[in-house]
Structures are given as C-alpha cells and as structure tokens.
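Please look at the sequence and the model first.

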Amino acid sequence: GASIRIGIAGYGNLGRGVQAAIAKNPDMELVGVYTRRDPAALSLPGGATAFHMDELAQHTEDIDVLVLCGGSKSDLPEQGPALAAMFNTVDSFDTHAKIPEHFAAVDAPATSAGKTALISAGWDPGMFSINRVYGEALLPDGETYTFWGRGLSQGHSDAIRRVPGVAGGVQYTIPSTEAIAKVRAGERPTLSTREKHVRECFVVLEDGADAEAVREAIVTMEHYFDQYDTTVNFIDAATLASEHSSMPHGGFVFRSGNTTDEHSQVIEYSLTLQSNPEFTSSVLVAYARAVHKMNQAGQIGAKTVFDVAPGLLSPKSPEQLRAELL
Ligand SMILES: NC(=O)C1=CN([C@@H]2O[C@H](COP(=O)(O)OP(=O)(O)OC[C@H]3O[C@@H](n4cnc5c(N)ncnc54)[C@H](OP(=O)(O)O)[C@@H]3O)[C@@H](O)[C@H]2O)C=CC1
Ligand SMILES: N[C@@H](C[C@H]1CC(C(=O)O)=NO1)C(=O)O
C-alpha cells in the first residue's frame with residue numbers, strides 16, 4: 001500500500017536517527033524535518049527538506065505520523081500536547097516519574113482531535129518496560145532488576161545541557177558490576193537506586209559560568225541525579241568533540257522468580273548498542289507504523305507501549321506473521 005508519511009519534529013541525535021531508520025523501512029517516507037532553529041542552518045543528508053517548526057500547522061494533511069525528537073526535560077512537555085492536537089505522534093518521553101502526568105497532558109488534545117499519541121517509546125522507557133511487565137506477569141513470585149551501561153544516557157545528557165552556564169555536555173551511566181554479578185548468580189539482593197548505578201558527567205562551561213554552581217545544579221537535579229552518586233568533570237569543547245561524540249549504551253532487564261519452591265526461573269533481555277540514538281530511533285519508527293494502524297482502526301488518545309499489540313509493529317500482515325513467525 002501507500003507509504004507511511006513521517007515527519008520529524010526536532011533535529012538532534014534522535015532526529016538524525018529517525019531519518020536513518022526511515023531509510024531502513026521501505027513502507028515509510030520522510031516528508032520533512034521541522035526545527036525551532038533556522039531550517040537553512042540544518043545540513044540534511046539525502047535531499048530531505050527542513051522546515052521551521054511553525055510550518056507544521058500547514059502540513060497536517062501531509063504527515064501520517066509525526067515523530068517527536070525533542071528533549072524530555074524541557075521540549076516534550078510542551079511539544080507533546082501541542083502537536084498531539086494536530087498529528088498522530090510518537091515520543092520518547094523518559095522522565096519516568098512524570099510519565100503519568102505527560103500521558104494525561106497528551107491524552108486530552110489527542111482525544112479531542114481524534115489523533116493517536118504514543119508516549120515513552122524507545123528502550124527505557126520502551127522495550128525494557130515491556131520486559132519488566134512480561135517478567136512480573138510471567139513470574140509473579142520474583143524480583144525484577146534493570147541495569148544500564150556503561151553508556152551515554154541521552155536523557156541525562158539533554159538535562160545537563162539545559163543547566164544555565166552549560167555550553168555542552170554528556171552523561172555516562174555506570175552500573176555496579178558487583179550488583180550485576182549478584183543478580184546474575186541468581187541472588188535476589190535488595191538494591192537501592194544509589195547501589196545500582198553511578199553517573200559521570202563531562203561538561204563544557206559557557207564563558208564566565210560558575211563551575212561550582214553548575215555542579216550543584218546537576219548533582220541535585222530532581223528525577224535525574226539527586227538519587228545517584230554523581231561526578232561532574234569540566235572539559236573544553238575540543239575534548240568534548242574528540243573524546244565524547246560516540247553514544248554507545250545498553251543494559252538488561254532481569255526477572256528472577258520461582259514457579260514452585262523447587263524451581264527458579266530466569267528471564268533476561270539485553271541490549272548492546274553502538275548507537276543509543278540510532279537504536280532508539282528504530283524503535284520510534286516501528287511504533288510510528290503501529291500508531292498509523294491504530295489511528296486507522298479508531299484507537300485514539302494517548303497510548304503507551306503496553307497498549308500496542310506486537311504484530312502492529314511489523315510491516316507484515318497478520319496472515320504473514322502467523323505463517324512466518326508464530
Ligand atoms: N525512551 C528511551 O529509551 C530514550 C529516550 N530518549 C529521549 O530523547 C530525547 C532527545 O535526545 P537527543 O536527540 O539526544 O537530544 P538532542 O539534545 O540531540 O536534541 C534535542 C533537541 O535539541 C535541539 N537541538 C539539537 N541539536 C542542537 C544544536 N546543536 N543546537 C541547538 N539545538 C539543538 C533540537 O530541536 P530543534 O531542531 O527544534 O532545535 C532537538 O530536537 C532525550 O532528552 C531523551 O529524553 C533518548 C534515548 C532513549
Ligand atoms: N532514556 C535513556 C535510555 C536508558 C539509559 C538510561 C540511563 O543511562 O540512565 N536510562 O534509560 C536515554 O535517554 O538514553
């Protein structure tokens with residue numbers, strides 16, 4: 001059938017990743033990239049067209065699904081509700097504590113407009129969330145563990161870049177290898193947030209910025225850093241560009257439970273990512289396919305990955321799936 005027409009709202013790591021992911025999905029086409037900056041300032045590969053974000057209102061009939069690639073700290077809370085009033089959307093909102101709030105804020109405009117708005121797709125939240133639900137549902141008597149990294153968290157990197165006085169920066173998440181070893185050994189340790197990961201930031205200051213004020217703003221930041229032991233290293237822009245431009249990540253979700261007193265069972269889902277943004281964008285694009293189908297079926301309002309039947313992610317028909325993959 002006709003291609004699914006995708007728009008990209010926000011051109012950063014995820015925006016570039018969605019562009020690459022569309023090229024890997026023959027049933028999709030890129031209509032345009034929409035940015036709050038000057039479109040002419042964007043160098044888009046592959047002949048894609050850049051528009052200013054304000055032009056989206058004139059393109060509601062040209063886009064089947066708009067993928068929101070803004071940052072969770074400041075962009076998506078505003079862009080999500082505004083754009084769900086005009087488009088079917090997919091976002092990667094990952095401020096876990098605020099997901100119920102974001103869901104409600106997006107649900108109202110999407111429902112009024114008859115649109116479908118999938119929030120918090122990606123890998124965590126996203127694929128890891130699905131595996132946490134599987135684990136608890138399949139092994140009710142057990143414990144769930146999530147570990148990330150060592151790798152670059154885009155959400156935490158976005159968050160530190162929003163701190164006044166910060167010109168650029170990245171954040172690496174480092175898991176406790178001791179905690180991982182215990183969980184892998186089938187122990188079920190009780191681990192506090194602080195015992196599972198530490199966070200390491202590399203920050204480039206704006207001229208004249210107060211380093212100690214920036215450090216304090218980062219390490220005390222609610223929902224992102226306040227529950228972790230966090231270090232902040234100040235570097236120059238050249239070092240950031242040369243030593244911190246690749247964005248590997250990964251991790252695993254672990255469910256360790258008992259089906260009887262005699263038998264323990266273990267579920268493990270793991271990711272090893274050379275590029276966090278490219279993988280996350282591949283997930284967003286697969287969910288864009290599902291959102292397009294869900295809207296055509298009249299399933300409107302806000303949704304999460306828990307609401308999406310797995311078959312909808314596939315370009316294959318239900319008949320093909322039954323014949324090939326069941
Ligand atoms: N659920 C999950 O598993 C995951 C979720 N995420 C989420 O994705 C969000 C976006 O991540 P990421 O793409 O890395 O964020 P970026 O910082 O790369 O981009 C965020 C926004 O900033 C603007 N921007 C990008 N580059 C520049 C620049 N050079 N100068 C000025 N503005 C710029 C863009 O908006 P504009 O073009 O309008 O200027 C862009 O949409 C994260 O905040 C995180 O919350 C990320 C990974 C996994
Ligand atoms: N949403 C995360 C994806 C994973 C990575 C992560 C972390 O390192 O804290 N938490 O969830 C991201 O922005 O990279």
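This is a predicted model: local features need pLDDT of at least 70, side-chain atom pairs count only at pLDDT 80 or more; totals for chains, interfaces and linings use all residues.

Residues are numbered from 1 along each chain as its sequence is written, chains are lettered from A and ligands numbered from 1 in the order in which they are written, and side-chain values use heavy atoms, with hydrogens and water left out.

**Ligand 2**

- The residues around ligand 2 include Asp94, Trp123, Asp124, Trp148, Arg199, His249 and Asn276; a residue is near a molecule if one of its heavy atoms lies within 4 Å of it.
- This shell divides into 2 nonpolar, 7 polar and 3 charged residues; Ala, Val, Leu, Ile, Met, Phe, Trp, Tyr, Cys and Pro count as nonpolar, Asp, Glu, Lys and Arg as charged, and the others, Gly among them, as polar.
- Helix H5 (residues 154-161) gives the largest share of the shell, 3 residues; helices (H or I, at least four residues) and strands (E, at least two) are DSSP runs, numbered from the N terminus.
- A nitrogen atom of ligand 2 lies 2.7 Å from a side-chain N or O atom of Asp94.
- A backbone N or O atom of Asp124 is 2.9 Å from a nitrogen atom of ligand 2.
- Arg199 has a polar side-chain atom 3.0 Å from an oxygen atom of ligand 2.
- Ligand 2 taken alone exposes 350 Å², and the protein buries 93% of that (Shrake-Rupley method, 1.4 Å probe).

**Salt bridges**

- The whole structure holds 13 salt bridges, each a side-chain nitrogen of Lys or Arg within 4 Å of a carboxyl oxygen of Asp or Glu.
- Arg289 and Asp27 form one of them, at 2.7 Å from N to O. Arg289 is in helix H10 (residues 276-296) and Asp27 in the loop between helix H1 (13-23) and strand S2 (28-35), 262 residues apart.
- Arg289 is buried at 3% relative accessible area, whereas Asp27 is partly exposed at 22% (buried means under 20%, exposed over 50%, partly exposed in between; 1.4 Å probe, protein chains only).
- Glu200 and Arg150 meet in a salt bridge at 3.5 Å, N to O. Glu200 belongs to strand S10 (residues 197-205) and Arg150 to the loop between strand S7 (142-148) and strand S8 (151-152), 50 residues apart.
- Salt bridges that share partners join Arg36, Asp75, Asp158 and Arg162 into one network.

Methods
A polar contact is a pair of N or O atoms within 3.5 Å; within protein, one must be able to donate a hydrogen and the other to accept it, and residues adjacent in sequence count only if both atoms are side-chain atoms.
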